[in-house]
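Colleague: Could you put the model up and take me through it?

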Amino acid sequence: MINRNALRIALYTALFAMAVPAFAAKGDVAAGEQKSKVCQACHGKDGNGVPNMDMYPRLAGQYADYLVKALKDYKSGARKNPIMAGFAGTLEEQDMLDLAAYFSAQKSPLHDLSQHHD
Amino acid sequence: MTLILRTLAGLSLAAALASPAFAKGDIEAGKQKAYTCAGCHGITGYKNAYPTYHVPRIAGQNYEYLKAALHEYAKGERSHPTMQAQAESFSEQDIDDIASFLSSLSEEGAK
């Protein structure tokens, strides 16, 4: 009986923990702007790129969680790019969240591909 | 005569090298080929599952970057089951056309 209750509590705790992403840390736009200086040489001041350097992606207006995933993949080596591995390797999770919050908040022509096909 | 021909050949070679615009694909063809992309990239707020994150916005992205991303998926240098399957099925021309179409959308601005 006790065992069953203990099991139940453990189960509910686990479910609760999974169901509450609110505990996840958030990015800070102002902090991200400060940390973004080094990104600007290739990605432009606001993440909209540098003219004639379109081999580098626009970051402005991109989804923040996608940007964080990209940085984590560069850091882990899952996504291979010598330049980005060097930068991402120096970033902690909070840095990534801040940078992603800043770039995703910038004005950009990036958009979803929803209204282009009938 | 030979000199003129040589000069002309040199000039056209220089023009070809200096104009990467000629290497671009067909925007209209790219629009047709990008129909499948909209299944995931065309739904605002749509999320990838496991791990969960938003499917990136690609309309208005840079031409050379889009090409590089598709090549990386095709070669398996970047891993994502759906994107690898898609990219492997594309020809060089398909990649050019799709990248041309998607990058051309930056001029319309965010809509």
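Modeller: When I say that two residues touch or meet, I mean that their C-beta atoms, placed from the backbone, lie within 7 Å. This is a predicted model, in which local features need pLDDT of at least 70 and side-chain atom pairs count only at pLDDT 80 or more, while totals for chains, interfaces and linings use all residues. Residues are numbered from 1 along each chain as its sequence is written, and chains are lettered from A and ligands numbered from 1 in the order in which they are written.

Colleague: Okay, what does A:Asp46 touch?

Modeller: Leaving out residues up to four places away in sequence, A:Asp46 touches A:Ala60 and A:Gln106. Its C-alpha atom is also 8.1 Å from that of A:Lys107, although A:Asp46 and A:Lys107 are 61 residues apart along the chain.

Colleague: What does H4(A) meet in H6(A)?

Modeller: From H4(A), A:Ala64, A:Leu67, A:Val68, A:Leu71 and A:Lys72 meet A:Met96, A:Leu97, A:Ala100, A:Ala101, A:Phe103 and A:Ser104 of H6(A). By class that contact divides into 9 nonpolar, 1 polar and 1 charged residues, with Ala, Val, Leu, Ile, Met, Phe, Trp, Tyr, Cys and Pro taken as nonpolar, Asp, Glu, Lys and Arg as charged, and the others, Gly among them, as polar.

Colleague: At what angle do the axes of H4(A) and H6 of chain A cross?

Modeller: The axes of H4(A) and helix H6 (residues 93–104) of chain A cross at roughly 135° and come within 8 Å, each axis being a line fitted to C-alpha atoms over the stretch in contact, with angles from 0 to 180 degrees between N-to-C directions. H4(A) is therefore oblique to H6(A); under 35 degrees would be roughly parallel, over 145 roughly antiparallel, 65 to 115 roughly perpendicular, and the rest is oblique.

Colleague: Switching to chain B, how many helices and strands are there?

Modeller: Chain B has 6 helices and 2 strands, and from the N terminus on its elements run α-α-α-β-β-α-α-α. Of its 111 residues, 31% are buried, and among contacts in chain B with a separation of 6 or more, 65% join residues 24 or more positions apart.

Colleague: Which residues of H4(B) are buried?

Modeller: In H4(B) the buried residues are B:Tyr63, B:Tyr65, B:Leu66, B:Lys67, B:Ala68, B:Ala69, B:Leu70 and B:Tyr73, and their cover includes H5 and helix H6 (92–104) of chain B. Just after H4(B), B:Gly76 takes a positive phi of about 80°.

Colleague: How do H4 and H5 of chain B cross?

Modeller: The axes of helix H4 (residues 63–75) and helix H5 (residues 81–89) of chain B come within 7 Å and cross at roughly 100°, so H4(B) and H5(B) are roughly perpendicular to each other. H4(B) contributes B:Leu70, B:Tyr73 and B:Ala74, which meet B:Met83, B:Gln84, B:Ala87 and B:Glu88 in H5(B). H4(B) and H6(B), by comparison, pack at about 140° with their axes 9 Å apart, which makes H4(B) oblique to H6(B).

Colleague: Which peptide bond is cis?

Modeller: The bond from B:Tyr50 to B:Pro51 is cis, with omega near -5°, and B:Pro51 lies in the loop between strand E1 (47–48) and strand E2 (53–54) of chain B. B:Tyr50 itself has a positive phi of about 50° although it is not a glycine, and B:Tyr50 counts as exposed because it has 4 C-beta neighbours inside 10 Å.

Colleague: Last one: how many residues does the contact take from chain A and from chain B?

Modeller: The contact takes 25 residues from chain A and 31 residues from chain B; on the side of chain A that touches chain B, the residues divide into 9 nonpolar, 9 polar and 7 charged.

Technical notes
Helices (H or I, at least four residues) and strands (E, at least two) are DSSP runs, numbered from the N terminus. A residue is buried if 20 or more other C-beta atoms lie within 10 Å of its own, exposed if 12 or fewer, and partly exposed in between; C-beta atoms are placed from the backbone.
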